[in-house]
Amino acid sequence: PSRGCEVIKWGVVSCQPPPQTPRFQVLPPVNFTLTVSALAEVLLQWKPNPDQEKNDIVKYDVEIMTPMQQMYDTKKTWSTRRAVLHNGFSARIRTLLHYNNSEIKSNWVTAKLKAPPGAVETSVTNLSCVIYTAINNTASLHCTWLAGKAAPEDTKYFLFYRYNSYTEECQEYSKDKWGRNIGCRFSNTYINRGEIDQVVIIHINGSSKDTAIKPFEELFNKNAIEKVNPPRKVTVSLKQNNLLVKWEMPVSSFLEECFEYELNIYNWKMGYKQILETTLHSFSLTIDDTCRYSIQIRANRQSWCDEGFWSDWTEPLFIGKNQNVFVRVFIFAALPSTMKAAIPQCSSLHFDDRSCGKGGGRSRGVLGPCTASSPQTLISSSSSALLQAGERLLHGAGIVTWPDDK
């Protein structure tokens, strides 16, 4: 057979045409530049190679190499990328041409931004930020950090935040014992509570007479650093021994299905608490109604819904009977140390914070009986005289104690 042909079987000859060389060469872009266009933002620009033959199906491969690898393509001759820049930035680009149902690629062209100047270990460390949102839709921003290990005592740190196109410098700082700024508070910001998955950029630079201070940047997901608002309109009711707690979801732009809740139910007579979890807006619990309980609730978004920081606990609501323990704890705290030493049994009145587990269910649970023999509430008979003396002491000092409920 002739060149390019071969015998396959039973004398059949198969011939393949020789590979075709492209009519033109794919050339890399020119004038590739990197420019810092805003805090933690780089503008990448380039131009098509002037010697490249015109073709309608030209794209560009862009690869960000540092600080974090990322690759994408575009038909434009510019691109912007957000990234922390305190350790520099580098990227490369090449031409991508579709020709005869195949992709032909040029060589890479690389550009770099050097890291900004600054001495080692002079930049801030342990940066932490929290967003607090108010009912009137305003958002405040609080950040704290530590001075770098090698930062001189005269170092002055300056914080800037950027949200979308808005940038602002901090005007309200907290300081360490050397007078260096180690915290910042923005009472009102341009952070929009209703926007989801936006980025908050924090940039901290500094100055010193002794050395150059290295800047530091960090990008935060807005929702991840938002402190969730507490649940609203919490109510508790007790019918026989059935405790019912109800509430409404926090003020938020998220759907109510996003939230999870924790209930802190504290038994003041027994001196223990239970932390119970639910995703509902109510919780039913069987309790001993001869005990005194306080109930608090807090909220957070679930992990699948951009989990933030847990809200503060709601103000405690009380239910059940008032027990002697309130009077005795108050009296015991006010007794002189010599009298306290004579009542070792009273040490059990310092309530612990031990958790009693998650409960038997997500919407209903049972608390154990509130027995009078509990060591958490018993005061020995040998100490009763001292307690009575303590009550007289408090009354004599003009301090009012609460009477027991009968």
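Me: In this predicted model, is Trp46 buried or exposed?

Reply: A residue counts as buried when its relative accessible area is under 20%. The value for Trp46 is 3%, so Trp46 is buried.

Me: How should I read the ring of Trp46 against that of Tyr60?

Reply: Two quantities are read, the distance between ring centres and the angle between planes; planes over 60 degrees apart count as edge-to-face. The ring centres of Trp46 and Tyr60 are 5.7 Å apart and the planes stand at 65°, so this pair is edge-to-face. Trp46 belongs to strand E4 and Tyr60 to strand E5 (residues 58-66), so the pair ties together parts 14 residues apart in sequence. Tyr60 has a relative accessible area of 5% and is therefore buried.

Me: How many aromatic pairs does the structure hold?

Reply: There are 8 aromatic pairs. Another of them joins Phe32 and Trp46: with ring centres 6.2 Å apart and planes at 75°, the pair is edge-to-face. This pair, too, links distant parts of the chain, since Phe32 is in strand E3 (residues 30-38) and Trp46 in strand E4 (residues 41-47), 14 residues apart. Phe32 has 12% relative accessibility and so counts as buried.

Me: Which residues form one aromatic cluster?

Reply: Tyr161, Tyr166, Phe186 and Tyr190 form one such cluster.

Me: What does the side chain of Gln52 reach?

Reply: A polar contact is read from the distance between N or O atoms, with a cut-off of 3.5 Å. The side chain of Gln52 reaches the backbone oxygen of Gln25 at 3.1 Å. A polar atom of the Gln52 side chain also lies 2.6 Å from the backbone nitrogen of Leu27. Gln52 itself is in the loop between E4 and E5. With a relative accessible area of 12%, Gln52 is buried.

Me: I turn now to the cysteines. How many disulfides are there?

Reply: The test is the distance between two cysteine sulfur atoms, which must be within 2.5 Å. The count comes to 3 disulfides. One of them is formed by Cys129 and Cys143, whose sulfur atoms are 2.1 Å apart. This link spans distant parts of the chain, from Cys129 in strand E11 (residues 125-133) to Cys143 in strand E12 (residues 139-146), 14 residues apart. Cys129, at 3% relative accessibility, counts as buried, and Cys143 is buried with a relative accessible area of 2%.

Me: Why is the disulfide of Cys129 and Cys143 called right-handed?

Reply: Handedness is read from the torsion about the S-S bond. For Cys129 and Cys143 this torsion is about 110°, so the disulfide is right-handed.

Me: What is the torsion about the S-S bond of Cys170 and Cys184?

Reply: The torsion there is about 115°, so this disulfide is right-handed. Cys170 lies in the loop between strand E14 (166-169) and strand E15 (173-175), and Cys184 in strand E16 (residues 181-186), so the pair ties together parts that are 14 residues apart in sequence. The sulfur atoms of Cys170 and Cys184 are 2.1 Å apart, and both residues are buried.

Me: Where in the chain are Cys258 and Cys305, which a disulfide joins?

Reply: The S to S distance of Cys258 and Cys305 is 1.9 Å, and with 45° about the S-S bond the link is right-handed. Cys258 is in the loop between strand E21 (242-248) and strand E22 (259-267), while Cys305 is in the loop between strand E25 (292-301) and strand E26 (317-320), 47 residues apart. Cys258 is buried at 5% relative accessibility, and Cys305 is buried with a relative accessible area of 8%.

Me: Finally, is Lys273 buried or exposed?

Reply: At 19% relative accessibility, Lys273 counts as buried. Lys273 is found in strand E23 (residues 272-278).

Terms used
Residues numbered from 1 in each chain as written. Predicted model: local features only at pLDDT ≥ 70, side-chain atom pairs only at ≥ 80, totals over all residues. Heavy atoms only, no water. Phe/Tyr/Trp six-rings, centres within 6.5 Å; stacked < 30°, edge-to-face > 60°. Helix = DSSP H or I, 4+ residues; strand = E, 2+ residues; numbered from the N terminus. Buried < 20%, exposed > 50% of the residue type's maximum accessible area, 1.4 Å probe, protein only. Polar contact = N/O pair within 3.5 Å; in protein donor to acceptor, adjacent residues only side chain to side chain.
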